[in-house]
Amino acid sequence: MTLKTVGVIGAGQMGNGIAHVFATSGYDVLLNDISTDALAAAVAKIEKNTARQVDKGAMSANDRDAALSRIRTTSELGELGGTDLVIEAATEREEIKDKIFAGLAPSLGENTILTTNTSSLSITRLAAKTDRPERFMGFHFMNPVPVMKLVELIRGIATSEETYQTMLGVVERLDKTAASAEDYPGFIVNRILIPMINEACYALYEGVGSVASIDASMRLGANHPMGPLELGDFIGLDTCLAIMNVLHDGMSDTKYRPCPLLVKYVEAGWVGRKAGRGFYDYSGETPVPTR
């Protein structure tokens with residue numbers, strides 16, 4: 001299957017990055033969000049990020065102009081029905097994703113492929129509620145999308161080989177690398193990464209180390225580019241908690257129990273960089289540990 005047009009649902013951090021990489025790879029992109037302000041902010045961010053690429057010599061000014069001309073926005077979900085590929089990148093809540101796919105159903109073309117950027121939810125379960133489980137799969141990008149090279153491809157039990165091969169081709173055209181994962185909670189990346197962040201929360205909760213010492217230990221002792229608590233703030237502590245809950249519920253194993261301190265931070269609204277406060281306070285020029 002040859003795909004030319006792409007609909008992206010959700011204009012947040014992931015959605016605008018996905019729209020960015022598809023537009024710069026030659027696809028016509030229709031970006032959707034219920035908020036017109038979010039759509040305007042997403043386009044402004046894409047303009048800023050592509051300008052940075054031009055300044056760095058990674059893209060010509062003409063190519064940038066062409067890419068930006070390929071992006072359109074809409075607050076009407078049904079308008080995405082005519083695209084060849086739909087990528088859902090909305091909030092990591094299953095009931096919201098189900099509602100989105102149900103809303104799309106009446107307008108979808110016969111051959112449109114549906115994908116979700118979910119970081120942990122069951123692909124099989126999401127697909128089963130649509131009219132095309134054979135043309136549905138997980139298409140999980142890493143953040144920030146324009147920079148990170150990996151895309152996880154997750155097949156549900158009903159995903160066809162044709163759909164899978166088509167999406168492999170899309171990943172190649174985006175100049176990224178595909179990692180195929182089975183449909184288990186958290187897939188590959190978050191099955192390993194988020195429990196590490198959760199364990200760092202436990203180390204802080206139990207007084208093993210401070211925020212600064214835990215992050216410094218993993219940066220300097222394990223050569224990680226970011227400490228786990230700093231990374232949790234970057235991802236969003238609410239997202240980390242949601243994934244831990246999916247792992248805990250899906251595996252029925254106490255080793256995936258969310259740390260009470262992580263729960264407390266999320267309940268306080270201290271969910272990381274996007275809120276201005278998490279394990280670090282971001283109100284000043286330099287982030288300051290909150291514990």
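Met1 is found in the segment before β1. Helices (H or I, at least four residues) and strands (E, at least two) are DSSP runs, numbered from the N terminus. This is a predicted model: local features need pLDDT of at least 70, side-chain atom pairs count only at pLDDT 80 or more, and totals for chains, interfaces and linings use all residues. Residues are numbered from 1 along each chain as its sequence is written, and side-chain values use heavy atoms, with hydrogens and water left out.

Start at Met1. Its relative accessibility is 42%, so Met1 counts as partly exposed. Buried means under 20% relative accessible area, exposed over 50%, and partly exposed in between (1.4 Å probe, protein chains only). Met1 touches Asn111, Ile113, Glu162 and Thr166, leaving aside residues up to four places away in sequence. Contact here means heavy atoms within 4.5 Å. Met1 also has Gln165 at 8.9 Å in space, C-alpha to C-alpha, although 164 residues separate the two in sequence.

Next comes β1. Of its 5 residues, 4 are buried, and the strand is mostly covered. Strand β1 (residues 5-9) runs parallel to strand β2 (residues 28-32), and 5 bridges join them. Two strands pair if DSSP finds at least two bridges between them. Within this pairing, Val6 stands opposite Val29 in β2.

Now widen the view to the sheet. It is open, with 8 strands in the order β3-β2-β1-β4-β5-β6-β7-β8 and mixed pairing. At the edges are β3 (71-74) and β8 (177-181), each pairing on one side only. On average, neighbouring strands of this sheet are turned by 25 degrees against each other, direction ignored.

Some loops deserve a look at the backbone. Pro144 lies in the loop between β6 (136-141) and β7 (150-155). The peptide bond from Asn143 to Pro144 is cis, with omega near 0 degrees. Phe187 is found in the loop between β8 and α7. Its phi is near 55 degrees, a positive value in a residue other than glycine. Phe187 has 5% relative accessibility and therefore counts as buried. Asn223 sits in the loop between α8 (211-221) and α9 (228-235). Phi of Asn223 is near 65 degrees, also positive in a residue other than glycine. Asn223 is exposed, with a relative accessible area of 68%.

Then the helices. Two packed helices are described by the angle between their axes and the distance between the axes. For α7 (residues 189-205) and α11 (residues 260-268), the axes come within 8 Å and cross at roughly 95 degrees. Axes are lines fitted to C-alpha atoms, for helices over the stretch in contact, and angles run from 0 to 180 degrees between N-to-C directions. α7 and α11 are therefore roughly perpendicular to each other. Angles under 35 degrees count as roughly parallel, over 145 as roughly antiparallel, 65 to 115 as roughly perpendicular and the rest as oblique.

Which residues meet? From α7 come Asn198, Cys201, Tyr202, Leu204 and Tyr205, and from α11 Pro260, Leu261 and Leu262. This contact divides into 7 nonpolar residues, 1 polar and no charged. Ala, Val, Leu, Ile, Met, Phe, Trp, Tyr, Cys and Pro count as nonpolar, Asp, Glu, Lys and Arg as charged, and the others, Gly among them, as polar.

Last, the cysteines. A disulfide is a pair of cysteine sulfur atoms within 2.5 Å. By this rule the count is 0. For Cys201, the nearest cysteine sulfur is that of Cys259, 5.3 Å away. Cys201 is buried, at 0% relative accessible area. For Cys240, the nearest cysteine sulfur belongs to Cys201, 7.4 Å away. Cys240 counts as buried too, at 1% relative accessibility.
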